[in-house]
Amino acid sequence: ETRPLVLDVTLNKAAEYPFGHGRFTLGLSVRGNLSRSEWGMDYGVENGLVGDEVQLLIETEAMRVED
């Protein structure tokens with residue numbers, strides 16, 4: 001089963017890496033939320049053991065590959 005998920009993406013910086021290798025690098029922060037109950041995962045949600053909302057937080061860097 002698949003469902004769309006809206007993610008907020010922030011470009012932190014896009015530039016040559018200032019330390020070491022000097023390759024062009026992107027820094028990204030990605031955030032989004034999903035509900036366990038939308039996926040039928042309601043065990044523990046109904047009695048308060050776990051929350052229904054799950055926050056996704058992704059911090060990443062990507063470097064350009066030089067040929």
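Predicted model: local features only at pLDDT ≥ 70, side-chain atom pairs only at ≥ 80, totals over all residues.
Strand β1, residues 8–16, is joined to strand β2, residues 24–35, by 8 bridges, and the two strands run antiparallel. From the N terminus on, the elements follow the order β-β-β, and the secondary structure comes to 0 helices and 3 strands. The radius of gyration is 18 Å, well over the 11 Å that the globule rule gives for 67 residues, so the protein is more spread out than a compact globule.

**Strands and their pairing**

- Strand β2 also pairs with strand β3, residues 53–63, in the antiparallel sense, and this pairing extends over 11 bridges.
- Among the contacts between residues at least 6 apart in sequence, 44% join residues that are at least 24 apart.

**Overall dimensions and surface**

- Taken along the principal axes, the box filled by the C-alpha atoms of the protein is roughly 50 × 25 × 15 Å.
- Of the 67 residues in the protein, 9% are buried.
- The accessible surface comes to about 5,700 Å², and carbon and sulfur atoms account for 53% of that area.
- The protein carries 6 positive and 12 negative charges, and the mean positions of these two sets are 7 Å apart.

**L11 and L26, on strands β1 and β2**

- L26 lies in strand β2, while L11 lies in strand β1.
- Although L26 and L11 are 15 residues apart in sequence, their C-alpha atoms are 7.3 Å apart in space.
- Not counting residues up to four places away in sequence, L26 touches L11, K13 and A14, and also T60, E61 and A62.
- L26 counts as partly exposed because its relative accessibility is 30%, a value that falls between the 20% below which a residue is buried and the 50% above which a residue is exposed.
- L11, with its neighbours within four places in sequence left aside, is in contact with L26, G27 and L28.
- The C-alpha atoms of L11 and R36 are 28 Å apart in space, and these two residues are 25 apart in sequence.

**G22, in the loop between β1 and β2**

- G22 has its place in the loop that lies between β1 and β2.
- With a relative accessible area of 28%, G22 is partly exposed.
- Once neighbours within four places in sequence are set aside, the residues in contact with G22 are E16 and Y17.
- The C-alpha atoms of G22 and M63 are separated by 9.7 Å, while the two residues are 41 residues apart along the chain.

**V65, after β3**

- V65 belongs to the segment that comes after strand β3.
- The relative accessibility of V65 is 63%, and therefore V65 counts as exposed.
- V65 and T25 are 40 residues apart along the chain, and the separation of their C-alpha atoms is 9.7 Å.

Methods: Residues numbered from 1 in each chain as written. Heavy atoms only, no water. Helix = DSSP H or I, 4+ residues; strand = E, 2+ residues; numbered from the N terminus. Rg over C-alpha atoms; globule rule 2.2 N^0.38 Å. Buried < 20%, exposed > 50% of the residue type's maximum accessible area, 1.4 Å probe, protein only. Contact = heavy atoms within 4.5 Å. Areas by Shrake-Rupley, 256 points an atom, 1.4 Å probe, with all protein chains shown as cover. Lys, Arg positive; Asp, Glu negative; His and termini not counted. Charge placed at Lys NZ, Arg CZ, Asp CG, Glu CD. Pairing = 2+ DSSP bridges.
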